[in-house]
Amino acid sequence: MPYAGVPDSAVGDLEACVTKVMAKGHDKDSAIAICRNSMNLSAVNSMRWVESFQYQTGQPFRVMPLGEYKRGGRTLNITADDLKAMAANYAAQRPRWAIPLYFGHPTETNPDPPKVGNVKQLYFVDGDGLYVVPEFTPDGEKAVAEGAYQFASPGVLWSKNGAYYTDEHGKKWDNVIESVALTNRPFFGASTQLFSADELDTFY
């Protein structure tokens with residue numbers, strides 16, 4: 001199977017490691033993350049944010065706040081310019097695809113989880129944060145109406161994590177939201193928190 005960011009020459013060793021780690025009782029996603037870490041192989045370099053999610057039918061919801069946030073020894077400063085750039089990228093059709101709304105984040109073994117809609121609009125609210133207007137499928141509408149998910153979490157390609165969106169002309173763009181997941185499993189409890197794809201594979 002393909003592994004994002006893993007050279008062909010390392011795939012065999014990675015798969016052998018995954019098999020051994022799974023034999024010790026780990027699930028496949030966890031095994032992949034453990035082996036990537038031990039072999040110094042980076043995972044998909046996408047950073048994700050978790051926001052509390054209380055959906056009201058037909059209303060937008062916030063996916064990223066303004067401000068300075070800490071996790072462990074790291075400080076992340078999310079500025080108005082960052083969020084304005086995300087909204088501008090969306091308006092310019094970056095990414096090229098409709099931003100999907102997923103049940104859960106994509107993972108190495110499940111790169112395209114069940115889709116429950118698309119982001120219909122993405123916009124910045126001054127002094128507050130970045131909001132999306134969702135367009136849910138019937139299944140998605142039913143799930144959120146029933147309160148099935150507590151958090152919304154966008155996958156972001158930005159220089160804060162060494163990632164960029166590359167367009168069809170090979171040009172790199174900073175601050176691009178590529179997907180939004182609904183989840184019940186924020187990285188650190190019920191607080192708004194930051195995490196990256198390699199950590200997602202390890203702890204989910």
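Colleague: Does Tyr131 count as buried or exposed in this structure?

Modeller: The model is predicted. A residue counts as buried under 20% relative accessible area. Tyr131 has 17% relative accessibility, so Tyr131 counts as buried. Tyr123, at 25% relative accessibility, counts as partly exposed.

Colleague: How many aromatic pairs are there, and how do I read one?

Modeller: A pair of aromatic rings is described by the distance of the centres and the angle of the planes. The count here comes to three aromatic pairs. One of them joins Phe103 and Tyr149: the ring centres are 4.8 Å apart and the planes stand at 15°, so this pair is stacked. Phe103 belongs to strand E5, while Tyr149 is in the loop between H4 and strand E8 (151-157). The two are 46 residues apart, and their pair links distant parts of the chain. Phe103 is partly exposed, with 22% relative accessible area. Tyr123 and Tyr131 also form a stacked pair, with 6.0 Å from centre to centre and 20° between the planes.

Colleague: Which ring lies under the charged end of Arg94?

Modeller: That of Trp173; the charged end of Arg94 sits over this ring, 3.4 Å from its centre. The charged end of Lys160 sits over the ring of Trp158, and there the distance to the centre is 5.7 Å.

Colleague: What kind of peptide bond joins Arg94 and Pro95?

Modeller: Most residues other than glycine have a negative phi, and most peptide bonds are trans. The bond between Arg94 and Pro95 is cis, with omega about 10°. Pro95 is found in the loop between helix H3 (80-91) and E5. Gln93 lies in the loop between H3 and E5 too, and its phi is positive, near 65°, in a residue other than glycine. Gln93 is exposed, at 61% relative accessible area.

Colleague: Where does Asn175 lie, and what is its phi?

Modeller: Asn175 is in the loop between strand E10 (172-173) and E11. Its phi is about 60°, a positive value although the residue is not a glycine. Asn175 is buried, with a relative accessible area of 7%.

Colleague: Now a helix. Which residues of H4 are buried?

Modeller: To read a helix, take the buried positions and ask how they are placed around the axis. In H4 (residues 138-145), the buried residues are Gly140, Ala143 and Val144. They cover an arc of only 90° around the axis, which puts them on the same side of H4. Pro138, Lys142 and Ala145, on the other side of H4, are exposed.

Colleague: What do the buried residues of H4 pack against?

Modeller: Strands: E5 (100-103), E6 (115-125), E7 (129-136) and E11 (176-183). Gly147 follows H4 and has a positive phi, near 75°.

Colleague: How many helices and strands are in the protein?

Modeller: The protein has five helices and 12 strands. Of its 204 residues, 47% are buried. For contacts, look at how far apart the partners are along the chain. Among contacts with a separation of 6 or more, 64% are between residues 24 or more positions apart.

Colleague: What does the accessible surface come to?

Modeller: About 10,300 Å² for the protein, and 48% of that surface belongs to carbon and sulfur atoms.

Key. Residues numbered from 1 in each chain as written. Predicted model: local features only at pLDDT ≥ 70, side-chain atom pairs only at ≥ 80, totals over all residues. Heavy atoms only, no water. Buried < 20%, exposed > 50% of the residue type's maximum accessible area, 1.4 Å probe, protein only. Helix = DSSP H or I, 4+ residues; strand = E, 2+ residues; numbered from the N terminus. Arc of directions from axis to C-beta. Contact = heavy atoms within 4.5 Å. Phe/Tyr/Trp six-rings, centres within 6.5 Å; stacked < 30°, edge-to-face > 60°. Lys NZ or Arg CZ within 6 Å of the ring centre and 35° of its normal. Areas by Shrake-Rupley, 256 points an atom, 1.4 Å probe, with all protein chains shown as cover.
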